[in-house]
Every structure is written in C-alpha cells, then in structure tokens.
Amino acid sequence: MADIIRSAKSGNEWTGNELEAYNIELTFQDAPTFFGEMPLPPPTVSQEVLTALTADDAVDDTVYNLLTQLDLAMMPSEPELSAVEDFAVALFHSLGYLHRPRAVRTRKELRFIICGEEKDAKPAVCIIDRNTNDVILLVQKVKLGGDINPHAQLIAEAIAAFQNNNARRVSMGLEELDSRSGIIMVGTSPSFFKIPVTQDLVRCVRQGQYPPSPTIVTGHVPALPRPNRRFIEGMKPLDNRRAILQCYEAFKKFVF
C-alpha cells in the first residue's frame, strides 16, 4: 500500500511487508498453466538417477555423487544447510543447465539501490551467462523447518540481478532484460517462479515509492504423491524424484 513505510533493506531482510510496499503479488499455478505444456517432458538425466534409490545402488560415479549430495541436503541440521547449495550445483550439471557459456556461482553478492541506499542480495546459487555476465537463474535455499519468507528474499534477489544485469548491458549497447527465473529449495524439495521485474518496479524500489501497477509473480509447487510429506521426503523417493525432475526439465525454457 502507498502509506506503508519503506526503508533500505538488504535482500535477506525482505519480508511480506516489502512485497506489499512495492505492490508485488504472488500467485501459484498448476503445471499446465505455469509451464505451458502437459505432459511435462521426461528428464534428460542418466536412467540410474531415476532407478537408484540410494547412492550405494548407483554404478556410475556421477550418479553416485549426485545421490550422495541429495542425502546430505536432506539433513535438517544447521551445519549441513550449505549441502543444499552443493546439491543444487550437482543437479544443474546433471540436468544440462550448465552448458556453455554458462557457469554456476554460490553466494554471489549482488548490489542494488533501494530507497536511495546501496544494499546487497546474496542468492545461495545462481547461474550466469559468461558472455554477458548476466545472472539468468536464482536459487534461494530454506532450512527445513525454517520460518523466514523465502519468496520475498528471492524477489529481492531478482530485482538486484535486474539492476546488475541491465546496468552492464546498457554500457555494452545490449537490449535490457525484464524477467528473472528463480527456484526456492527446502532441502531437496523445489518450487519454481517466474519474476517479471520491470524498469518501473526497479525505479520505485530505488526511490522508495509505491508502484501504481502490480507486479505479478507466478509460482508452481510440483504435484507429488504425498504432498503433506514433500519437505520430509524431498527427492528421496523415486516417484517424487521423477515428478520433480520433470518440472526441472520443463523449467529450462524460462532460463535465458
């Protein structure tokens, strides 16, 4: 709302208050609406990823490494929270997200202007295009049982990426980008987001003003056989794993 007090906050301090203050709405969609296709495409991973229940069941060393990282990322203890980042990196490699000229970064600092002050946002993982240094995918991790607002933090990171990307693109004479893709991971359980950041939204964030037009962020939570156990089970059961990997495969077309 226009009368909400706005202040300069780093990305990890964003809450639902910032979403309301900058007229940002979040809506969730089913798979056909969000991905624009049904059925979802089969995942382009080694067949062993879909059939080996545990790392010890895998014959291929690459699959063994991926499933080992999956096990570590499922641990709820605070010291193992970084294992979610390690798993995301291994998963992106296995799924083909990291073809040339892309690279993956963890905890990359993105500077952005909010309410006239410079602050930072730090995604857990991001994929960059090395040709332009654009951030093209953001990953926000959440501790199992955590009570923070990961959606607001992911959106702050998308706004920071927009500011960083387009400042550089303008200086290079390139066309500006106006949309970001993001993933929130609770353990190994993901949700997917399309974040349509625009110049109008960024200008209002810079100046601490209320945007007259809403920004509609769309999300999708994969449909799983046991939805009330999604965070406990994650990608460990094979039926969950296949369903989630199909979503990752369908999401590739939004990462550019």
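Helices here are DSSP runs of H or I with at least four residues, strands are runs of E with at least two, and both are numbered from the N terminus. I keep to these names in the entries below, and I note that the model is predicted.

**Entry 1: loop residues with positive phi**

I looked up Asn 133 and found it in the loop between β5 and β6. Its phi is near 65°, a positive value in a residue other than glycine. Asn 133 has 41% relative accessibility, so it counts as partly exposed.

I then turned to Arg 107, in the loop between β2 and β3 (110-114). Arg 107 is a residue other than glycine with a positive phi, near 55°. At 47% relative accessibility, Arg 107 is partly exposed.

**Entry 2: cis peptide bonds**

I noted a cis peptide bond between Met 38 and Pro 39, with omega of about 5°. Pro 39 sits in the loop between α2 and α3. I also noted that Arg 100 is joined to Pro 101 by a cis bond, with omega near 5°. Pro 101 belongs to the loop between α5 and β2.

**Entry 3: the sheet**

I traced an open sheet of seven strands in the order β1-β9-β8-β7-β6-β5-β2, and its pairing is mixed. Its edge strands are β1 (24-28) and β2 (102-106), each of which pairs on one side only. Neighbouring strands are turned by 20° against each other on average, direction ignored.

In which sense do β8 and β9 pair, parallel or antiparallel? I found that β8 (residues 189-195) and β9 (residues 215-220) pair in the antiparallel sense, over three bridges. Lys 194 stands opposite Thr 218 in β9.

**Entry 4: helix α5**

I checked α5 (residues 82-95), which has 14 residues and reaches 20 Å from its first C-alpha to its last, close to the expected 20 Å. Among the buried ones are Val 84, Phe 87, Leu 91 and Phe 92. The buried residues of α5 pack against α4 (61-73), β2, β5 (125-129), β6, β7 and α9. Just after α5, Gly 96 takes a positive phi of about 85°.

**Entry 5: helix α9**

I found α9 (residues 238-251) lying across β6 (134-142), β7 (180-186), β8 and β9, at about 20° to β8. In α9, 10 of the 14 residues are buried, so this helix is largely enclosed by the rest of the structure. The buried residues include Arg 241, Leu 245, Tyr 248 and Phe 251.

**Entry 6: nonpolar cores**

I looked up the largest nonpolar core, which has 47 residues; Phe 92, Ile 183 and Tyr 248 are among those with the most contacts inside it. Which element gives the largest share of this core? It is α5, with eight residues. Leaving out residues up to four places away in sequence, Phe 92 touches, among others, Tyr 97, Ile 127, Ile 183 and Tyr 248. Another core, of 34 residues, lies apart from the largest one and includes Ile 24 and Phe 193.

**Entry 7: Ser 181**

I placed Ser 181 in strand β7. Is Ser 181 buried or exposed? Its relative accessible area is 5%, and buried means under 20%, so Ser 181 is buried. The side chain of Ser 181 reaches the backbone oxygen of Phe 254 at 2.5 Å. Not counting residues up to four places away in sequence, Ser 181 touches residues including Leu 137, Phe 193, Phe 251 and Val 255.

Notes
Residues numbered from 1 in each chain as written. Predicted model: local features only at pLDDT ≥ 70, side-chain atom pairs only at ≥ 80, totals over all residues. Heavy atoms only, no water. Pairing = 2+ DSSP bridges. Axes fitted to C-alpha atoms, helices over the stretch in contact; angles between N-to-C directions. Contact = heavy atoms within 4.5 Å. Expected span 1.5 Å × (residues − 1). Buried < 20%, exposed > 50% of the residue type's maximum accessible area, 1.4 Å probe, protein only. Core = buried A, V, L, I, M, F, W, Y, C linked by side-chain atoms within 4.5 Å. Polar contact = N/O pair within 3.5 Å; in protein donor to acceptor, adjacent residues only side chain to side chain.
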